[in-house]
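Subject: Structure for your review

Dear colleague,

Please find below the sequence and structure that I am handing over to you. My account of what was found follows directly after them.

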Amino acid sequence: MNAMESMQDLITLVHANEDIAVYREGCSPESIAAAEEVMGLTFPPSYRKFIEEFGTCDFGSQSFLGMYVIDGELWGSHGATLEAREEGMPHHLIEVAHDGMGGTIALDASQPDADGEYPVVVWEAPDQPVLELLAPSFGAYALDVFQQVAERKNG
């Protein structure tokens, strides 16, 4: 299954489990472009679709940063990415979540695949030369995480 198929399955899963899903209004292409410009990076297709659909999303105990507007100001992944860069996170990473153990879940824009998707990695410290690979794309990673939540809920 490719990243966009995974993202479509994730969207279906979230809507089928509205009782444990909290999300905002999706972001416009203009807001997404503004965030990309500020970061100096573009979002991969599956993460862009996530932002367009949900803005940001909590699903049970799991959550992913996205983008959302509060009082006309854009918040989310791009701002967290800029803050993490101040702490030494490499410029080619885009923060999308935290692993609960001090690590940052990020998209590695330095390694796009043929579909423009970025691998999902964990970044822990400025002196960490090797990043742990979690998944080949945001779509694959997010679907796996949310499916585990749904399985626990549905027993």
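Helix 2 (residues 29-39) and helix 4 (residues 77-86) pack against each other at an angle of about 10°, and their axes are 9 Å apart. The two helices are therefore roughly parallel. On the side of helix 2, the contact is made by Ala-35, Val-38 and Met-39, while helix 4 contributes His-78, Thr-81, Leu-82 and Arg-85. By class, the residues of this contact between helix 2 and helix 4 divide into 4 nonpolar, 2 polar and 1 charged. Please bear in mind, here and below, that the model is predicted.

Helix 1 has contacts with both helix 3 and helix 5, and I take these in turn.

Helix 1 (residues 3-16) packs with helix 3 (residues 45-54) at an angle of about 25°, with the axes 9 Å apart. An angle under 35 degrees counts as roughly parallel, and helix 1 and helix 3 are therefore placed in that class. Their crossing is right-handed. The residues of helix 1 in this contact are Ala-3, Met-4, Met-7, Gln-8, Leu-10, Ile-11, Val-14 and His-15, and they meet Pro-45, Ser-46, Lys-49, Phe-50, Glu-53 and Phe-54 of helix 3. The contact of helix 1 with helix 3 comprises 9 nonpolar, 3 polar and 2 charged residues.

The crossing of helix 1 and helix 5, however, is left-handed. Here Ala-3, Ser-6, Met-7, Asp-9, Leu-10, Leu-13 and Val-14 of helix 1 meet Phe-138, Gly-139, Ala-140, Ala-142, Leu-143, Phe-146, Gln-147 and Ala-150 of helix 5. The contact of helix 1 with helix 5 has 11 nonpolar, 3 polar and 1 charged residues.

Strand 2 (residues 57-59) runs antiparallel to strand 3, to which 3 bridges join it. Within that pairing, Cys-57 has Phe-64 in strand 3 as its bridge partner.

Strand 6 and strand 7 (residues 104-108) run antiparallel and are joined by 5 bridges. In this pair, Glu-95 stands opposite Ala-106 of strand 7.

Finally, the structure holds 2 salt bridges. In one of them, the side chains of Lys-153 and Asp-19 meet at 3.1 Å, N to O. Lys-153 belongs to helix 5 and Asp-19 to the loop between helix 1 and strand 1, so this pair ties together parts that are 134 residues apart in sequence.

With kind regards

Methods
Residues numbered from 1 in each chain as written. Predicted model: local features only at pLDDT ≥ 70, side-chain atom pairs only at ≥ 80, totals over all residues. Heavy atoms only, no water. Axes fitted to C-alpha atoms, helices over the stretch in contact; angles between N-to-C directions. Helix = DSSP H or I, 4+ residues; strand = E, 2+ residues; numbered from the N terminus. Parallel < 35°, antiparallel > 145°, perpendicular 65-115°, else oblique. Left-handed = near helix turned anticlockwise from the far one by under 90°. Contact = heavy atoms within 4.5 Å. Nonpolar A, V, L, I, M, F, W, Y, C, P; charged D, E, K, R; others polar. Pairing = 2+ DSSP bridges. Salt bridge = Lys/Arg side-chain N within 4 Å of Asp/Glu carboxyl O.
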